[in-house]
Amino acid sequence: METYKEFTFEAAHKLEPYSGLHGHSFKVSVHLVGDPDPVYGWAANLYEVEKQIEEIHKTLDHTYLNDIDGLSVPSLENLAKWIYDKLADKSPELDRVELKRGAEGQAEGCIYRRPREAA
C-alpha cells in the first residue's frame, strides 16, 4: 500500500554562480509504503506524519532557503533530500519525497528515494 501527503510552500534562494536571488512556489509530495493496516488500510498514519510535515512547512515557508541549516546550496536535489532526512527518522514507512516547482505543464523537479540496501 502507498499513502501520500502533499504540501506547498513559498521560498527564495540563490544558486551562485547560476542564479541571483529569486523565489518559487514549491510542491512537495511525501510517499509512504507498507503493509495495509488491518483496520484502517493505510500504509502509514497520516495524522502522525502531518505533525512532522507541519514542522518542516514552518521551517521552509516564506524563508530564504540558503539561511536554513543544511541548505546553504538549496538546489531541488538538496532540498528534496533535506526534507526526506527530516522525515525519515520518525517515519520508517517513508519511501520517497517528490519536489517540484513551476506551473503545471512547465514544472521541474526531482524525486529523492529511500536509499537502497547494500547487496
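# Close-up views of a predicted model

**View 1. T8 and the residues around it.** Leaving out residues up to four places away in sequence, T8 touches F26, K27 and H57. T8 is found in strand β1. Is T8 buried, partly exposed or exposed? T8 counts as partly exposed, at 48% relative accessibility. Follow the chain on to Y18, 10 residues apart from T8, and the two C-alpha atoms are separated by 24 Å.

**View 2. The sheet, strand by strand.** Here you can trace an open sheet of five strands, in the order β3-β1-β2-β4-β5, with mixed pairing. Which strands stand at the edges? They are β3 and β5; each has a single partner strand, so one side of each is left without a neighbour in the sheet. The strands β1 and β2 run antiparallel and are joined by 12 bridges.

**View 3. β4 and its two partners.** On one side, β4 pairs with β2 in the antiparallel sense over seven bridges. K27 stands opposite K100 in β4. The pairing of β4 with β5 is also antiparallel, and six bridges make it up. There, R96 has R113 in β5 as its bridge partner. Six of the eight residues of β4 are buried, so this strand is largely enclosed by the rest of the structure. Between the strands of the β4 and β5 hairpin lie six residues, and in this hairpin G102 takes a positive phi near 105 degrees.

**View 4. A stacked pair of rings, F9 and F26.** The structure holds five aromatic pairs. One of them joins F9 and F26, which are stacked with 4.8 Å centre to centre and 15 degrees between the planes. The pair links distant parts of the chain, since F9 sits in strand β1 and F26 in strand β2, 17 residues apart. F9 is buried, with 1% relative accessibility, and F26 is buried too, at 2%. Ring pairs also bring in F7, linking F7, F9 and F26 into a cluster.

View 5. How many residues make up the largest nonpolar core? There are 26, and those with the most contacts inside it are F9, L60, L79 and I83. Two or more residues come from each of β1, β2, α1, α2 and β4. The element that gives the most is α2, with seven residues. Looking out from F9, and leaving aside its neighbours within four places in sequence, you will find it in contact with residues including L60, L65, L79 and L99. Other contacts of F9 include H24, S25, F26, V28, H57 and D61.

**View 6. Helix α2 lying across the sheet.** With 13 residues, α2 reaches 18 Å from its first C-alpha to its last, close to the 18 Å expected at 1.5 Å a residue. This helix lies across β1, β2, β4 and β5, running at about 145 degrees to β4. Which residues of α2 are buried? They are L76, L79, A80, W82, I83, Y84 and L87. The buried residues of α2 pack against β1, β2, α1, β4 and β5.

**View 7. The sheet's β1 and β2 pairing and helix α1.** Return to β1 and β2, the antiparallel strands joined by 12 bridges. Helix α1 packs on the sheet and touches β1, β2 and β3, and its direction makes about 10 degrees with that of β1.

**View 8. Two loops with backbone details to spot.** The loop between β1 and β2 is the place of P17. Is the peptide bond from E16 to P17 cis or trans? That bond is cis, with omega near 5 degrees. For the second detail, go to the loop between α1 and β3, where H62 lies. H62 has a positive phi of about 55 degrees although it is not a glycine. H62 is exposed, with a relative accessible area of 65%.

Definitions and conventions
Residues are numbered from 1 along each chain as its sequence is written. This is a predicted model: local features need pLDDT of at least 70, side-chain atom pairs count only at pLDDT 80 or more; totals for chains, interfaces and linings use all residues. Side-chain values use heavy atoms; hydrogens and water are left out. Helices (H or I, at least four residues) and strands (E, at least two) are DSSP runs, numbered from the N terminus. Buried means under 20% relative accessible area, exposed over 50%, partly exposed in between (1.4 Å probe, protein chains only). A nonpolar core is a set of buried Ala, Val, Leu, Ile, Met, Phe, Trp, Tyr and Cys residues joined through side-chain atoms within 4.5 Å. Contact means heavy atoms within 4.5 Å. The expected span of a helix is 1.5 Å times one less than its number of residues. Rings of Phe, Tyr and Trp (its six-membered ring) pair if their centres lie within 6.5 Å; planes under 30 degrees apart count as stacked, over 60 as edge-to-face and the rest as tilted. Two strands pair if DSSP finds at least two bridges between them. Axes are lines fitted to C-alpha atoms, for helices over the stretch in contact, and angles run from 0 to 180 degrees between N-to-C directions.
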